[in-house]
Amino acid sequence: MSKPKVGFYWCASCGGCEEAVVDLAEDVLKVVAAVDIVFWPCAMDFKRSDLEAMADGEMAACFVNGAIRTSEQREMVELCRRKAQALVAFGSCAHTGGIPGLANLCTLESIFETVYGDGQFSTVNPEKTRPQAATQVPGGGVTLATMDHSVKTLDQVVPVDYYLPGCPPPVKLIAAAVTALLEGNLPPRGAVLAPDMALCKECPRIDSKPQDPFLREFKRPHQVLIDPEKCFLAQGILCMGPATRDGCDHACIGGNMPCTGCLGPVSRTRDYGAAILSAVSSLVDSNDEHEVAAILEKIPDPAGTFNRYSLPSSMLYQSISANGNGGT
Amino acid sequence: MSDATSSPSGEPFEPRIVAFFCNWCTYTASDLAGTSRMKYAANVRVIRLMCSGRLDPQFVVAALRRGADGVLVGGCHPGDCHYQEGNYKCLRRMELLRRMVGQMGIEPERLRLEWISASEGEKLRDVVNAMVAQVKALGPLKLEPIPRPNGDEESDLQLVGASDEGVLA
């Protein structure tokens, strides 16, 4: 009996998702024994032509991590989509945009200006050369992928069957997803392969979370000695637990750091950033307009804090260049 | 922008404002304005909430996504909330939400929170007119459509606690 074929691919990502696969440790051997890995350019020698040579739907599943910004990434995920029966968005970037998605707070032009122009970047580039889509050099023309005006999630580029959330996805969830896949025991298409409840519900510190508004001040984790037993919010430290999906075994909480929201929203939430913003701001213990503003000033970057992993999937979607209304 | 206040056909731009009014104060004020035969700009679509504290910020972003050029929220004056503290929750959420949408390329002036009591029909008229004038000056809200290769666009629009028709349908 031939083993099911699977592939892995990466787009705008850091490589942490590939690490997460390796973190399966001994279990990775079971996976390798059960499936044929037919495409994984990050780990082994595979070329685009290998993918192109496959029949449509030849892979049982293809796991794609990373957000999508370049023309090359778009072409590759379109190929992956065609060659796979199930396309799985793997990790925060593919799921909701992730850290690369924060680039949508800047225009493409300002990014190029910072990197290649007069910006204070480390690139030594006195001639301010910018990457071109096509350039003539001695011996012929060379081409480069182009950058789209905004970062997109995987499901904004191609249809996606399943989502494995997290930055990176927790090993337990990966193992469960692979098992479900091998057993043909997958939930309905479009499902997020993780528990559908908020992290707070199972948090070991939940008993110390006050019910009434109590926040008088927001503190950054490096500014205080964090009590390892007490709810982070009760200590004035922003924690995304109230709106973030559970399933991570609270690795950050266990390491005495607050949740930053990488597993994204639960299924009832349509806009993650607005949901966690609502949860946090309503806990502020003041009824005076100016005092409320002063307390909330301690959150210097609401968009980057509440949409840290989810900006491209926000209902207000995307880039200020595309919105172009001139915010702040 | 020279064309901000008119459509391509040359018609003056008429903003669409979604207004969330609390049942006990601002919605009653709008009733009062009506029975008093006051006239205010017809650009607002009023949605009654039991309390401004019921306003989930997701409602606001959904309104903007579905074509509102601005969102007006009306609640009871501080100290007057029928549920004691709901309007303060609204105040805190709107404060932070205005800052967040500003970072995302949307003028914070498109979101406005006002305290209007049941007896303040005149204030309601003035606030609505001022809001319409302000959003008119800002021009239409431009939001890029969200690409949906899955073709499940409607699923974006169902919010917490919403019926199948969607909150704003």
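**Reading the fold step by step**

Analyst: Gladly. Chain A has 13 helices and nine strands in its secondary structure. Its radius of gyration is 22 Å, close to the 20 Å from the globule rule for 328 residues, so chain A is as compact as a globular protein of that length. Keep in mind that this is a predicted model.

User: What box do the C-alpha atoms of chain A fill, and what share of its residues is buried?

Analyst: Along the principal axes, the box is roughly 65 × 55 × 30 Å. Of the 328 residues in chain A, 44% are buried. For contacts with a separation of 6 or more, 74% come from residues 24 or more positions apart.

User: Let's turn to the sheet. In which order do the five strands of the open sheet run?

Analyst: A general idea to begin with: side chains in a regular strand alternate between the two faces of the sheet. In this case the order is β2-β1-β3-β5-β9 in chain A, with parallel pairing. The edges are β2 (36-39) and β9 (162-164) of chain A; each has a single partner strand, so one side of each lacks a neighbour in the sheet. On average, neighbouring strands of this sheet are turned by 30° against each other, direction ignored.

User: How many bridges join β3 and β5 of chain A?

Analyst: Six bridges, in the parallel sense, link β3 (residues 59-65) and β5 (residues 84-90) of chain A. For a residue-level view, pick Val64(A): its bridge partner in β5(A) is Ala89(A).

User: And in which sense do β6 and β7 of chain A pair?

Analyst: Antiparallel: β6 (residues 134-137) and β7 (residues 140-143) of chain A share four bridges. Here Gln136(A) has Gly141(A) as its bridge partner in β7(A). The hairpin of β6(A) and β7(A) has two residues between the strands, and Gly139(A) takes a positive phi near 105° there.

User: Finally, the interface. How many residues of chain A are in contact with chain B?

Analyst: In general, the size of an interface is often given as the accessible area lost when the parts come together. Here we can count residues instead: 40 of chain A are in contact with 38 of chain B. On the chain A side, α10 (272-281), α11 (289-296), α12 (302-306) and α13 (320-323) each supply at least two residues. The most comes from α10(A), with six residues. By class, this side of chain A has 20 nonpolar, 14 polar and six charged residues.

How values were computed:
Residues are numbered from 1 along each chain as its sequence is written. Chains are lettered from A and ligands numbered from 1 in the order in which they are written. This is a predicted model: local features need pLDDT of at least 70, side-chain atom pairs count only at pLDDT 80 or more; totals for chains, interfaces and linings use all residues. Two residues are in contact if their C-beta atoms, placed from the backbone, lie within 7 Å. Ala, Val, Leu, Ile, Met, Phe, Trp, Tyr, Cys and Pro count as nonpolar, Asp, Glu, Lys and Arg as charged, and the others, Gly among them, as polar. Two strands pair if DSSP finds at least two bridges between them. Axes are lines fitted to C-alpha atoms, for helices over the stretch in contact, and angles run from 0 to 180 degrees between N-to-C directions. The radius of gyration is taken over C-alpha atoms; the globule rule is 2.2 Å times the number of residues to the power 0.38. A residue is buried if 20 or more other C-beta atoms lie within 10 Å of its own, exposed if 12 or fewer, and partly exposed in between; C-beta atoms are placed from the backbone.
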